[in-house]
Amino acid sequence: MLTAHLPSGYVLARLVPQRRWLLPAALIGAVLPDFDMLWFYFVDQDSIHHHRYWVHVPAFWGAIAALILPVIAVFKHDFLPVAGIFFAALFLHMVLDTIGGGILWAAPFNGHLYSLVEVPATQSHWILSFLLHWTFLLELGIWAGAFYLWRNGRAG
Ligand SMILES: [Zn+2]
């Protein structure tokens with residue numbers, strides 16, 4: 001997914017009862033994995049698919065959530081919805097990346113990048129191939145949903 005992670009976090013946050021810090025937590029969780037692009041470009045110099053980095057591995061975030069959420073539930077119960085939506089947004093990121101990009105859903109047991117759709121390299125640059133593939137309509141739909149929620153206030 002190229003462009004719709006941030007609006008997907010917005011939509012996610014708007015679909016649950018509002019409370020303080022919920023929206024920032026959802027927005028950060030929705031985009032956080034893609035900060036690995038800095039490592040991808042400046043350190044590894046395109047040599048490995050960035051979806052293979054630990055920040056794009058569901059088992060990693062599942063383990064972190066399994067460790068942190070119970071602690072928050074016991075010691076900082078009021079913060080649990082914020083932490084919950086943060087992890088939900090992280091997993092939403094990985095689900096959306098599964099559409100055309102591939103995610104290591106079975107890691108550490110195998111290294112296959114699971115993808116719902118293969119986006120063929122039909123253009124001179126991979127970004128153009130993604131922009132001109134039908135799956136980009138899903139991204140536009142997420143943007144439209146976020147824009148609708150933003151313009152029309154809280155649903156429900
Ligand atoms: Zn990503």
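This note comments on the zinc site, the pocket, the cavity, the core and the backbone of a predicted model.

1. Basis. In this predicted model, local features need pLDDT of at least 70 and side-chain atom pairs count only at pLDDT 80 or more, whereas totals for chains, interfaces and linings use all residues. Residues are numbered from 1 along each chain as its sequence is written, and side-chain values use heavy atoms, with hydrogens and water left out.

2. Zinc donors. The zinc ion has four protein donors, D34 (OD), H56 (NE2), H93 (NE2) and D97 (OD), at 2.0 to 2.2 Å. A donor here is an N, O or S atom within 2.8 Å of the metal (3.2 Å for Na, K and Ca); water is not among the atoms, so sites may look incomplete. Along the sequence, the donor residues follow the spacing D-x21-H-x36-H-x3-D. Helices are DSSP runs (H or I, at least four residues), as are strands (E, at least two), numbered from the N terminus.

3. Zinc geometry. The angles among the four donor atoms run from 89 to 169°, and the site is irregular.

4. D34 is partly exposed because its relative accessibility is 23%, while H93, at 0%, is buried. The classes are buried (under 20% relative accessible area), exposed (over 50%) and partly exposed in between, with a 1.4 Å probe and protein chains only.

5. Largest pocket. This pocket holds about 450 Å³ of space. Of its 16 lining residues, M37, H49, H50, H51 and W126 are the closest to its centre. Elements α3, α5 and α6 (126–131) give two or more residues each to the lining, and α3 has the largest share, three residues. On a 1 Å grid over the protein atoms alone, a pocket is an open set with protein on both sides within 12 Å along at least five of seven lines, a cavity is a set of points where a 1.4 Å probe fits but cannot get out, and lining residues have an atom within 4 Å of a point.

6. Largest cavity. The structure holds one cavity of 30 Å³ or more, and the volume of the largest cavity is about 90 Å³. Its lining includes M1, L2, L96, F130 and E139; α5 and α7 (136–152) give two or more residues each. M1 is found in the segment before α1 (5–14) and is buried, since its relative accessible area is 13%.

7. Nonpolar core. The largest such core has ten residues, M37, F40, Y53, V55, W61, A65, F87, L90, M94 and I103. The largest share, three residues, comes from α5. Such a core is a set of buried Ala, Val, Leu, Ile, Met, Phe, Trp, Tyr and Cys residues joined through side-chain atoms within 4.5 Å.

8. Backbone. A cis peptide bond, with omega about 10°, joins A107 and P108; P108 lies in the loop between α5 and α6. W21, in the loop between α1 and α2, has a positive phi near 75°.

Notes. Tetrahedral: all angles 85-135°; square planar, octahedral: opposite > 155°, others 65-115°. Points joined across faces, edges and corners; volume = space filled by probe spheres on them.
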